[in-house]
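Subject: Structure for you to look at

Hello,

Here is the structure I said I would pass on.

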Amino acid sequence: MVKVLIVDDHHVVRRGLLFFLKTQKDIEVVGEAVNGKEAVEMAATLQPDIVLMDLVMPVMDGIQATRLIKEQFPHIIVLMLTSFSDQDHVVPAIEAGAAGYQLKDIEPDELVASLRSLMRGENTLHPKATSELLKAPAEPAPHTLNQLTPREQEVLAELTKGKSNREIASALFVTEKTVKTHISNIFIKLAVQDRTQAALYAVKHGLTEVGRN
C-alpha cells in the first residue's frame, strides 16, 4: 500500500482527492493537512510514502513545508499538485526537494499513475513545469568541472528516460548495486539532490545522449 498525505487548504479539493484515491486498492490516504505547518507535523507522525502538496497555503506554503519535510525525512516523496506552472513557483519547488510537479487539471487516472511512478523512482513532471525549468537562467555547469565517466553518462541517459534502477541495470547489463553507486556519483558531480533534478539537469545541459558532455 502506498501511504499518501493530502495537503491543501481547500476542503473541496481535499475531499475530491480523498474520494478518488480511496477507490484505488493500492493507495491509502493516511491523513489530511490544511497548511504547510500541519503537513510537516503530520509527516513526522504518520510517515507517509508520498505527500501530495499544494503550493499556496496560509501559515506555511508548500515550498517551505517541502524543504522542511525533505530535511527531516529524506525518504518521504513530495509531489506538488498546484494551479501554478510559472517559473517562480516551479523552480523553488524542485529546489526544495519535490520529486514531481503536476497541475490540478490533471486527469485522476494520470494522477494515480504519477503516484505509482514516483514509488518506482521515476520522474513525473507536467510538461508546463518542465518547460519553465528549462527557461530558468543558466548557472555554471558543475559537470564541466567534474566530468562524468562514460558509464555514468550511460546511466544518466537511462535515468532521464524515467527508468528505475532495475530497468537501468537490465539495459546496461550491470547490477542494481552498481547502478546505485553510479547514481550517487552523478548526484555529487552534478550538484543535484535527486533523480528529478538530475534528469532536468541532463535535459538542460544536453546530456541526454551518451557521449555528450
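The residues that line the second largest pocket divide into seven nonpolar, six polar and seven charged. Please keep in mind that this is a predicted model. The space in this pocket comes to about 450 Å³. Its lining is made up of 20 residues, and those closest to the centre of the pocket are Lys-70, Pro-74, Ala-99, Gln-193 and Asp-194.

H3 supplies the largest share, with three residues. As for where the pocket sits, domain 1 (2-135) and domain 2 (142-205) both give residues to its lining, so the pocket lies between the two domains.

The backbone positions are Val-59 and Ala-191. Val-59 is not a glycine, yet has a positive phi of about 70°. This residue belongs to the loop that runs between strand S3 (50-53) and H3. Is Val-59 buried or exposed? Its relative accessibility is 66%, and exposed means over 50%, so Val-59 counts as exposed.

Ala-191, also not a glycine, has a positive phi of about 60°. The loop that holds Ala-191 lies between helix H9 (176-190) and H10. Ala-191 has a relative accessibility of 61% and therefore counts as exposed by the cut-off of over 50%.

Best regards

Terms used
Residues numbered from 1 in each chain as written. Predicted model: local features only at pLDDT ≥ 70, side-chain atom pairs only at ≥ 80, totals over all residues. Heavy atoms only, no water. 1 Å grid on protein atoms, 1.4 Å probe; cavity = no way out; pocket = protein on both sides within 12 Å on 5 of 7 lines; lining within 4 Å. Points joined across faces, edges and corners; volume = space filled by probe spheres on them. Helix = DSSP H or I, 4+ residues; strand = E, 2+ residues; numbered from the N terminus. Nonpolar A, V, L, I, M, F, W, Y, C, P; charged D, E, K, R; others polar. Domains from an automatic or database assignment. Buried < 20%, exposed > 50% of the residue type's maximum accessible area, 1.4 Å probe, protein only.
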